[in-house]
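Hello,

Here is the structure I promised to pass on. Please open it first, then read my notes below.

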Amino acid sequence: MEKEEKKVEYVELIYDLIFVYIIGRNNSLLAEVTDGFISPQAYLTYILCTFIAIQIWNFTTLYINRYGKNGILDHVALFINMFLLYYMAEGTQAGWENYYFRYNVAWMLILINLALQYFIKYKQDEKEKPWELADLRMHGIKLLIIAGIVAVSLPVYAVTGIPVSPAAMVVGIILTSFSAKRGGALVPIDFPHLTERVMLYVVFTFGEMVIALSGYFKGEITASGIYFSIMAFLIVVGLFVSYEYIYNRVIDREQTTNGLGYMTIHIFLIVALSNITTALEFMREVEIDTEKKNIMMVVALLVYFFFLALTNIYARPEKRAGVSIYLRLIIISAAFAAGMFIFYDEPRINIAISAAYVFAVFVMQVFSRTKETIQA
């Protein structure tokens, strides 16, 4: 029997728009500069808020992927969580202490709302689809446990001033990994739908990068300004076409998988893209510590291409990369890092090396995969 295609529904796209706003709010934390660079507290807040937002998106996406029917209940639940996410976005600030209760109450209610969807589905399927019940119960309980940790964190913070709510995110990761191993056999992930949803989140992250790039086109038109704007634009284009090539030409979207690894890879891709965005914004800023901003660019680009290479796990057999591709990638990456280190105090050379590295990796991947496919 031919598998029915599950399409990304209009309401999912509307819901995802709130994450465009949240991505911008998270990235704004990286603009908190102290003593020439991002303060450690601001960066830690960024990491936690980014992971929490992506985890909420993951929980929602997995429910819709496996059980969503595009009905009234799905619409209502998504719009409620969309409304609550505004409160979380407002609490995404360097001075998070003033927004701790607002942020965490909204987070708790979102988790409870998601858990209720599982339990309502459990009641609906109790007689018609008994094979789904164990999975529905497991995911509903998991979400209530995470919500309970967030709830407990509120009085703990009020009494001690210690923010323990991030523990809920960590427990969520552990429980999700556990549930992915135990469940999913009878209610599998629709991988084509999942890859499309994840791709859209990456596109939204690129959208934030495109907006940030507009800063290169402000002010007077000078030779230096044109040069930097061209190089920065080429970096964005190179990063995008690299992901586009992997998504359109390499990923096998018809395979059976629980989707956990694929989503995990994209968490790091999204974080890397946000850091590249900030590094590009810092590139021309003379008040930003030169060494640190170059380290940020190098690490972010290396992380991006490392996790993009990991998508080879999900590649079509004829498009899987061989060992030779990874050896070339390591050599190119080492040369890139060395060049950035040697010319660390020359922003014009730094941005050119970065652009060259991005396109070198792209060309190498396309040429190598095409060559190996022809040989096969």
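The notes go from the whole chain down to single residues.

Please keep in mind that this is a predicted model.

**Whole chain**

The protein chain holds twelve helices and two strands. Along the sequence, the order is α-β-β-α-α-α-α-α-α-α-α-α-α-α. The radius of gyration is 22 Å, close to the 21 Å that the globule rule gives for 376 residues, so the chain is as compact as a globular protein of that length. Along its principal axes, the C-alpha trace spans about 70 × 60 × 30 Å.

Buried residues account for 49% of the 376 residues. Take the contacts between residues at least 6 apart in sequence: 81% of them join residues at least 24 apart. The chain exposes about 17,800 Å², and carbon and sulfur atoms supply 67% of that area.

**Helix H1**

Helix H1 covers residues 10–28, 19 residues in total. From its first C-alpha to its last it reaches 28 Å, close to the 27 Å expected at 1.5 Å a residue. Its buried residues include Val11, Tyr15, Ile18, Phe19, Ile22 and Ile23. What do the buried residues of H1 pack against? They pack against H2, H3, helix H7 (191–213) and helix H9 (260–282).

**A nonpolar surface patch**

Leu73, Phe101, Val105, Leu109, Ile112, Leu116, Ile120 and Leu144 form a nonpolar patch on the surface. Together they have about 580 Å² of accessible area. Helix H4 (residues 100–125) gives the largest share, six residues. Leu116 sits in helix H4. Leu116 counts as partly exposed, because its relative accessibility is 44% and buried would need under 20%, exposed over 50%.

**Two loop residues with positive phi**

Asp35 is not a glycine, yet its phi is positive, near 55°. Asp35 lies in the loop between strand S1 (33–34) and strand S2 (37–38). Is Asp35 buried or exposed? Asp35 is exposed, with a relative accessible area of 75%.

Asn70 is not a glycine either, and has a positive phi of about 60°. Where is Asn70? Asn70 is in the loop between helix H2 (40–67) and helix H3 (72–90). Asn70 is partly exposed, at a relative accessible area of 34%.

Best wishes

How values were computed
Residues numbered from 1 in each chain as written. Predicted model: local features only at pLDDT ≥ 70, side-chain atom pairs only at ≥ 80, totals over all residues. Heavy atoms only, no water. Helix = DSSP H or I, 4+ residues; strand = E, 2+ residues; numbered from the N terminus. Buried < 20%, exposed > 50% of the residue type's maximum accessible area, 1.4 Å probe, protein only. Expected span 1.5 Å × (residues − 1). Contact = heavy atoms within 4.5 Å. Patch = residues over 30% accessible without salt bridge, like charges linked within 9 Å, V, L, I, M, F, W, Y side chains within 5 Å. Areas by Shrake-Rupley, 256 points an atom, 1.4 Å probe, with all protein chains shown as cover. Salt bridge = Lys/Arg side-chain N within 4 Å of Asp/Glu carboxyl O. Rg over C-alpha atoms; globule rule 2.2 N^0.38 Å.
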